Amino acid sequence: MEFKYDVIVIGAGHAGCEAAAAAANLGSKTCLITMDMNKIAQMSCNPAVGGIAKGQIVREIDALGGYMGLITDKTAIQFRMLNRSKGPAMWSPRAQCDRGKFIWAWREILENIPNLHIWQDQVKELIVENGEVTGVRTYLDVTFKAKTVVLTAGTFLNGLLHIGRTQLPGGRIAEPASYHLTESITRHGIVSGRMKTGTPVRIDGRSVHYEFMDTQDGEEDFHQFSFIGEKRHLKQLQCWTCFTNEEVHKVLRDGLPDSPLFNGQIQSIGPRYCPSIETKIVTFPDKEQHQLFLEPEGETTQELYLNGFSSSLPLNIQIQALKKIPAFKDLVIYRPGYAIEYDYFDPTQLKHTLESKIIKNLFFAGQVNGTTGYEEAGGQGLIAGINAHINCSGGDPFVLGRDEAYIGVLIDDLVTKGVDEPYRMFTSRAEYRILLRQDDADMRLTEKSYLLGLAKADRYQILCKKREQIKRIIDFTEMFSVKASLINPALEALGTTPLRQGCKLVDLINRPQITLSNISEYITSFKQLLNSIEEKKDEIIEASEIRIKYQGYIDRERQIAEKMSRLENIKIKGKFDYDTLNSLSTEARQKLKKIDPETLAQAGRIPGISPSDINVLLVLLRK
């Protein structure tokens, strides 16, 4: 074997898998190094994909030619579209997956990608020459040469597990931590820090009294994650819900002296938006109950995941507290919840391509950048893998704007603002979320990926056909006139006000009671048009209806985005010596020097940079 590659990816989690697949599919000779080939794309916490804003990221990964959406559909055992009561900008797909089948579906794909090789080993050292990465050295004492390296080590760098006062080295339970690699990176001037995350107890389903729980069923409609994938084919399962109570809280409070989070054992920062159960009872002392979700780990296993009960309390406290809940009075568990501390690297040290500003051709993606979640990791991995290939083969950097993708918002937030806690994506983080809906990720991104060479011709042809069919539907509604006398009986039947005079069909569809499907029952030619759609009919009809009903909001947000894009086009990197700009505040000088933003718009998003600071830079640019 010749241990020489274009791209080496360290770690086969969700970021690493997407990075390696993207680089190899684009034509780079790629090696994915993982300590355990049987844990590729392991779902370390909940075996679920998607959720609020996260589901949008997965659809974007799919639209760009990544694999997370395809594999999620293939292994899903429950699917739901969250936030249906809100507007379509907030709709977020989520699926519970079979953990084991998810791993093997990923491995099957990776092992069959040309240009991609998998090596089972641990990397202990980064090889850097003259400020540029040239390879890695492993625990098996193998030296790999590479043009680029993508680090996606997840929670394994100097990982330390906590269960009460018990501490165990590891990247996950029963899996070894990775040592020395952090130190081989920081010696070159890259700053690292420590973060914390956690996971809940895993329960034996045979010990649960389901009669004391409420069921939560999935949905069986046309929605899925991939724009090109097959319909879900695994058995669809229920989830269940229940609540903690004051007895549970008393046991937890009594156990706080042995909690690593409260006795000083853990010093690092945990995720604000996915707190442990002990954090919840301390933060919300007046709350009498907290909702828990019991979710299956697979199609046939008895192992269940208790969402909402993440904990690092001692084993006996976790069990004693849970037994105070009627559904768990005879509780048997497979393993307790635990917390884990690990190294991450300050993401403000990265370019928008996710390449290091300090070590050339070294890319970082996933939890090593201070994020949390499979979806955030997968999105970063895809962008890092694409740009690692570009660094090897030439071409313009591939960067997504904040008005183009949630992935663009995620990366811009990381490299511009940095992190002081594990970063989790929400719809509220995107100022253009009406433009970033889950239904149109392919319309936004697939053509970009096709021109790049990642999305293949068949996927692009599906997009073109879908785009043409949506246009036909919208054009019909804008051109077709309805007569009041003919349509009024239908409007009354649909519970909406009759017309006084005729109008265009599009005006009727803008009414909340009217949908494309229900009004088509009264307009023969329109029904024939909808029925002529042979593939993905429901998806195309829904996308068309959203475009019609929300076109005014979409146009207005696009205008705002285009106005802001003018600042995105004003390049400032390398044009100022910030230390000498006395007209800026001290904070502004310090932060601009540290981040060294590419554009004026990016500078404006740095915390602590005021509009007056931006105006100063504009005046200086004119001079």
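Arg80 stands opposite Arg94 of strand β5, in a pairing where six bridges join strand β4 (residues 76-82) to β5 and the strands run antiparallel. Strands (E, at least two residues) and helices (H or I, at least four) are DSSP runs numbered from the N terminus, and two strands pair if DSSP finds at least two bridges between them. This is a predicted model in which local features need pLDDT of at least 70 and side-chain atom pairs count only at pLDDT 80 or more, while totals for chains, interfaces and linings use all residues. Residues are numbered from 1 along each chain as its sequence is written, and side-chain values use heavy atoms, with hydrogens and water left out.

**Strand β5**

- On another pairing of β5, three bridges join it to strand β3 (residues 48-50), again antiparallel, and Ala48 stands opposite Gln96.
- Six of the six residues of β5 (residues 92-97) are buried, where buried means under 20% relative accessible area, exposed over 50% and partly exposed in between (1.4 Å probe, protein chains only).
- In a regular strand the side chains alternate between the two faces of the sheet.
- Ser92, Arg94 and Gln96 point one way from β5, Pro93, Ala95 and Cys97 point the other way, and all are buried.

**Whole chain**

- The protein chain has 21 helices and 21 strands.
- Its radius of gyration (taken over C-alpha atoms) is 26 Å, close to the 25 Å that the globule rule gives for 623 residues, so the chain is as compact as a globular protein of that length. The globule rule is 2.2 Å times the number of residues to the power 0.38.
- The C-alpha trace spans about 80 × 75 × 55 Å along its principal axes.
- Buried residues make up 58% of the 623 residues.
- Of the contacts (heavy atoms within 4.5 Å) with a separation of 6 or more, 72% are between residues 24 or more positions apart.
- The accessible surface (Shrake-Rupley method, 1.4 Å probe) comes to about 25,800 Å², and 50% of it belongs to carbon and sulfur atoms.

**Salt bridges**

- A salt bridge is a side-chain nitrogen of Lys or Arg within 4 Å of a carboxyl oxygen of Asp or Glu; the count comes to 45.
- Glu375 forms a salt bridge with Lys54, with the closest N and O atoms 3.4 Å apart. Glu375 lies in helix α9 (residues 374-393) and Lys54 in helix α2, so the pair ties together parts that are 321 residues apart in sequence.
- Glu375 is buried at a relative accessible area of 3%, and Lys54 counts as buried at 8%.
- Arg402 and Glu431 form a salt bridge with their closest N and O atoms 2.9 Å apart. Arg402 lies in the loop between α9 and α10 (406-417) and Glu431 in the loop between α10 and α11 (441-452), so this pair ties together parts that are 29 residues apart in sequence.
- Arg402 is buried at 6% relative accessible area, whereas Glu431 counts as partly exposed at 37%.
- Both residues belong to a network of salt bridges that links Arg402, Asp412, Asp413, Lys417, Glu431, Glu568 and Arg605.
- The side chains of Arg253 and Glu246 meet in a salt bridge at 2.3 Å, N to O. Arg253 is partly exposed at 34%, and Glu246 is partly exposed at 40%.

**Backbone with positive phi**

- Most residues other than glycine have a negative phi.
- Ala41, in the loop between β2 (30-34) and β3, has a positive phi near 55° and counts as buried at 0% relative accessibility.
- Ala53, in the loop between β3 and α2 (54-63), has a positive phi of about 70° and also counts as buried at 0%.
- Gly495, with a positive phi near 80°, follows helix α13.

**Buried positions in loops and helices**

- Gln122 lies in the loop between β6 (116-120) and β7 (123-129) and counts as buried at 15% relative accessibility.
- Leaving out residues up to four places away in sequence, Gln122 touches Met35, Thr138, Tyr139, Ala177 and Ser178. The Gln122 side chain reaches the backbone oxygen of Ala177 at 3.2 Å.
- Ala21 lies in helix α1 (residues 14-25) and is buried at 1% relative accessible area. Beyond four places in sequence, Ala21 touches Tyr67, Leu110 and Ile113.
- The buried residues of helix α13 (residues 484-493) are Ala484, Ile487, Asn488, Ala490 and Leu491. Their cover includes β20 (481-482), α14 (505-509) and α15 (516-520).

Key:
Polar contact = N/O pair within 3.5 Å; in protein donor to acceptor, adjacent residues only side chain to side chain.
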